[in-house]
Amino acid sequence: MDIELPESIRAHLPVLVVLLPLFGGLLAMFTGLVQRGGGVIAWAWSVLITGLMLVCSAAMLQLVHASPEPLVYRLGSWPEAYGIGYSVDALNAYVILVVSIIAFLTTVYAKDSVMAEVANDRHHLFYSVWLLAIAGLIGITVTGDTFNIYVLLEISSLTVYTLVALGGDRDRRALVAALKYLILGSIGATFILLGIGYLLMLTGTLNMGDMHDQLVRMREAGTLANNRTVFVSFAFLMVGLSLKMALFPLHLWLPNAYTYAPSAVSALVAATATKVGVYMTFRFVFTIYGGVYDTSADLQLLALCACLGIVVSSVAAVRQMNVKKVLAYSSVGQIAYIVLGFSLANHTGVTASVIHIFNHAIIKGGMFMAVGAVALRTGGTKIEDFKGIGRQMPVTMAAFTVGGCGLIGVPLTSGFISKWYLVQAAMEEGYWGVAAVVLLGGVLAIVYVWRLIEIIWFGTPDDPNKRVKEAPLSMLVPMWILIGASVYFGIDATWTADSARAAASLLLNGGHG
Amino acid sequence: MESFGYFNYWLAIVIIMIGFYGVIARRNLLKQAISLGLFQTGVFLFYVTMGVYRSPDGTAGVAPIWTDAAKTGPFDNPLPHVLMLTAIVVSVSTLAVAVAIIVNIQRKYGTIEEDEILEADKRDS
């Protein structure tokens with residue numbers, strides 16, 4: 001699939017992927033001026049914007065794979081050391097594509113779900129905030145400037161808090177969940193800001209590549225050994241990032257936020273927000289500190305947290321009475337798999353992480369979409385609402401079931417590929433215990449997924465006369481594209497594995513964009 | 001004297017910690033939001049202090065404003081100061097979103113005390 005874009009656009013791709021949703025979001029607000037049907041116009045506008053963004057990011061990935069050097073875009077033509085430089089390499093081009101795919105499909109999906117779950121007079125505002133959140137997420141991924149990361153992180157976070165709080169139209173608990181998320185998220189972001197501050201103090205620059213070069217120079221001059229500042233900056237950054245990516249035990253904001261948010265928001269946020277957190281961690285750990293600061297002790301601590309996270313969150317998922325909460329706890333566990341992969345710090349481990357970013361995004365996105373479809377038809381996401389729903393919404397629930405298999409890691413689903421690489425990485429290092437935890441996580445996933453599948457297909461509804469319709473096509477198509485992709489990339493993982501390997505080599509060779 | 005030279009950094013950490021304690025210990029949502037603001041303010045002080053130049057022999061830096069050709073450094077670094085303008089905006093918006101959500105909580109629950117909200121949730125389910 002080759003995308004040919006005119007040269008004038010191609011030169012500006014890195015900035016276009018951010019500007020499209022940023023300005024698109026601001027303009028979407030004006031659809032509120034239309035008295036009736038403004039929400040639908042806002043939706044169509046968002047589909048258009050995210051679609052263009054998807055084309056741009058696909059073209060950008062091609063461009064990056066074709067050229068040996070990363071794409072660099074200097075905003076306002078300032079040299080990177082002074083201004084803000086966007087730089088795109090094999091890692092972030094891949095993450096941007098993942099975010100764009102999810103953003104486009106969830107936007108298509110959102111129409112009916114938002115219509116049912118968000119108050120009528122707020123639809124234009126919903127899509128406006130929605131596009132801004134996407135702009136923030138893409139911006140974090142594309143930028144090569146650490147302070148810019150902080151600003152865009154706050155743009156995406158503030159908008160996501162708002163989106164979660166919009167669930168308050170249906171369930172007031174969404175408001176409390178959003179506030180909890182806001183407080184913990186702001187603490188995380190402020191810790192990241194402090195970490196960046198210490199790095200700025202040390203290196204006098206904000207550009208990631210420059211920071212790395214300065215640190216290398218300091219190490220060669222011998223001023224980095226036992227340097228308290230570099231240690232403190234790393235500590236602040238890791239705590240902040242762990243909060244943002246919901247690594248156990250700093251995951252407490254996540255389950256309620258995902259559960260009470262509007263369905264479309266759950267699908268978008270679960271599939272992208274924490275992944276972008278993981279991406280930031282990659283950048284800080286490998287691009288900035290890689291090769292200059294001994295991170296092995298901290299990575300071991302992360303690996304321990306991840307192992308505990310896999311077990312504890314999976315056990316918690318088994319006991320939940322709300323299907324969305326089961327998926328939310330499962331997300332905490334899946335994030336832990338991603339963290340576990342790169343904390344092993346070998347090539348296979350980082351590859352496993354990068355692959356799982358994509359695989360988990362499509363699986364969890366698809367499953368949250370399926371749950372959202374049930375919420376639309378039955379009005380709830382409690383376990384009771386799912387009793388015997390398989391016979392009434394077979395297409396939706398088949399997608400849910402295939403997605404569940406992906407969470408477990410059944411062969412022929414993409415979840416299997418991730419786990420395969422992860423176990424391999426653990427064995428390369430000789431960590432048999434870690435491999436055992438990964439497998440135990442799979443077993444626990446069987447328990448919580450099977451519990452749902454049994455209720456869905458073999459349960460009897462509380463009210464046998466209640467008939468519900470199959471989900472509308474605008475929901476089924478994006479759902480099945482994601483779930484279908486998870487099966488496709490489980491059978492033929494060439495594309496994901498190659499992209500992930502390229503990204504892993506880049507990270508481990510101290511490469512920076 | 002050495003430790004007194006770090007006075008501003010000590011102060012920044014103290015402010016950050018007071019704010020952090022407030023966020024964790026207060027049960028009133030509005031007080032949590034205020035503490036969060038304090039927490040972020042400490043970081044501003046940290047950054048602003050970072051930009052100020054003082055050479056080992058005690059000469060202070062001057063503001064990098066070109067008013068007088070005879071004025072030649074050392075200059076204070078304006079970059080961290082400029083960054084804080086952005087961070088202040090971010091902090092204000094965070095507070096605004098927080099307060100907006102708290103107002104809605106007050107409307108739906110009739111209280112902004114965390115304990116009472118948890119109790120109300122328990123009654124619901």
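Predicted model: local features only at pLDDT ≥ 70, side-chain atom pairs only at ≥ 80, totals over all residues.
The side chains of Arg27(B) and Glu114(B) come together in a salt bridge, with 3.6 Å from N to O; the term covers a side-chain nitrogen of Lys or Arg within 4 Å of a carboxyl oxygen of Asp or Glu. Arg27(B) sits in the loop between α2 (7-25) and α3 (29-51) of chain B, and Glu114(B) in helix α5 (residues 114-124) of chain B, so the pair ties together parts that are 87 residues apart in sequence. Helices here are DSSP runs of H or I with at least four residues and strands are runs of E with at least two, numbered from the N terminus. Arg27(B) is partly exposed at 36% relative accessibility, whereas Glu114(B) is buried, with a relative accessible area of 10%. For these words, buried stands for under 20% relative accessible area, exposed for over 50%, and partly exposed for what lies in between (1.4 Å probe, protein chains only). Salt bridges with shared partners join Arg27(B) and Glu114(B) with Lys180(A) and Asp115(B) into one network.

Residues are numbered from 1 along each chain as its sequence is written, chains are lettered from A and ligands numbered from 1 in the order in which they are written, and side-chain values use heavy atoms, with hydrogens and water left out.

Glu114(B) also reaches across to the other chain: its side chain meets that of Lys180(A) in a salt bridge of 2.6 Å, N to O. Across the interface of chain B and chain A, the rule finds 1 salt bridge. On the side of chain B that touches chain A, the elements giving two or more residues are α2, α3, α4 (78-109) and α5 of chain B. Of these, α4(B) gives the most, with 17 residues. By class, this side of chain B has 26 nonpolar, 7 polar and 4 charged residues. Nonpolar here takes in Ala, Val, Leu, Ile, Met, Phe, Trp, Tyr, Cys and Pro, charged takes in Asp, Glu, Lys and Arg, and the others, Gly among them, are polar.

How much area is buried between chain B and chain A? It is about 3,000 Å², and carbon and sulfur atoms give 78% of it. Buried area is the accessible area (1.4 Å probe) that two parts lose on being put together, summed over both. In terms of residues, 37 of chain B are in contact with 31 of chain A, contact being heavy atoms within 4.5 Å.

Chain B itself has 5 helices and 0 strands. Buried residues make up 35% of its 125 residues. Among its contacts with a separation of 6 or more, 54% come from residues 24 or more positions apart.

Over all chains, a search of the whole structure finds 7 salt bridges. One of them joins Asp89(A) to Arg283(A), with the closest N and O atoms 2.9 Å apart. This pair links distant parts of the chain, 194 residues apart: Asp89(A) is in the loop between β2 (85-88) and α4 (90-117) of chain A, and Arg283(A) is in helix α11 (residues 263-288) of chain A. Both Asp89(A) and Arg283(A) are buried. Arg173(A) and Asp171(A) also meet through their side chains in a salt bridge, at 3.0 Å from N to O. Asp171(A) is partly exposed, with a relative accessible area of 22%.

The peptide bond from Phe248(A) to Pro249(A) is cis, with omega near 0°, and Pro249(A) lies in the loop between α9 (228-244) and α10 (254-260) of chain A. Ala246(A) is placed in the loop between α9 and α10 of chain A. Although not a glycine, Ala246(A) has a positive phi of about 60°, and it is buried at 0% relative accessibility. Ser77(A), not a glycine, has a positive phi of about 60°. Ser77(A) is exposed, at 64% relative accessibility.
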